[in-house]
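The sequence and structure come first.

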Amino acid sequence: MFVIEDEAHAERQRGDFQTREDAMAELRRRASIPWDEAPNAAPCTNWRNCGRRYEIVEYDVSTRPWRELTRRFMLEIDAKGVRWASS
């Protein structure tokens with residue numbers, strides 16, 4: 001299973017994804033949303049000077065608790081714009 005987390009705020013985002021491509025599709029959708037609108041608006045009080053740093057995290061859900069397999073920074077969104085991670 002794949003999830004999207006905001007590394008900057010240690011916040012798991014809504015939704016679980018069966019594939020990495022499904023999670024990437026959600027990040028592409030978020031990249032088209034302004035930085036100051038949900039779900040990109042940062043939850044902190046200093047949100048105007050903050051942003052989101054999205055990671056895709058892969059979990060092995062056959063174990064309890066879930067075991068993290070991979071974590072990769074993918075996308076940053078803030079007032080300066082949208083920045084994708086380099087390949």
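The model is a predicted one. Trp66 forms a tilted aromatic pair with Tyr59. Tyr59 is buried, with a relative accessible area of 14%.

A search of the whole structure finds two aromatic pairs. In the pair of Trp35 and Trp47, the planes stand at 35 degrees, so this pair is tilted. Trp35 and Trp47 are each placed in the loop between α1 (20-31) and β3 (51-60), 12 residues apart. Trp35 counts as partly exposed at 21% relative accessibility, and Trp47 counts as partly exposed at 26%.

| Pair | Centre to centre | Angle between planes |
|---|---|---|
| Trp35 and Trp47 | 5.8 Å | 35 degrees |
| Tyr59 and Trp66 | 5.6 Å | 50 degrees |

Another ring, that of Phe73, has Arg53 over its face, at 4.2 Å from the ring centre.

The largest nonpolar core has 11 residues in all: Phe2, Ile4, Phe17, Ala23, Met24, Leu27, Tyr54, Ile56, Met74, Leu75 and Ile77. At least two residues of this core come from each of β1 (2-6), α1, β3 and β4 (67-78).

Ile56 is one of the core residues. With neighbours within four places in sequence left aside, Ile56 is in contact with residues including Phe2, Ala23, Met24, Leu27 and Met74. The contacts of Ile56 also include Val3, Arg20, Thr70, Arg71 and Arg72.

Conventions:
Residues are numbered from 1 along each chain as its sequence is written. This is a predicted model: local features need pLDDT of at least 70, side-chain atom pairs count only at pLDDT 80 or more; totals for chains, interfaces and linings use all residues. Side-chain values use heavy atoms; hydrogens and water are left out. Rings of Phe, Tyr and Trp (its six-membered ring) pair if their centres lie within 6.5 Å; planes under 30 degrees apart count as stacked, over 60 as edge-to-face and the rest as tilted. Helices (H or I, at least four residues) and strands (E, at least two) are DSSP runs, numbered from the N terminus. Buried means under 20% relative accessible area, exposed over 50%, partly exposed in between (1.4 Å probe, protein chains only). A charge sits over a ring if NZ of Lys or CZ of Arg is within 6 Å of the ring centre and within 35 degrees of the ring normal. A nonpolar core is a set of buried Ala, Val, Leu, Ile, Met, Phe, Trp, Tyr and Cys residues joined through side-chain atoms within 4.5 Å. Contact means heavy atoms within 4.5 Å.
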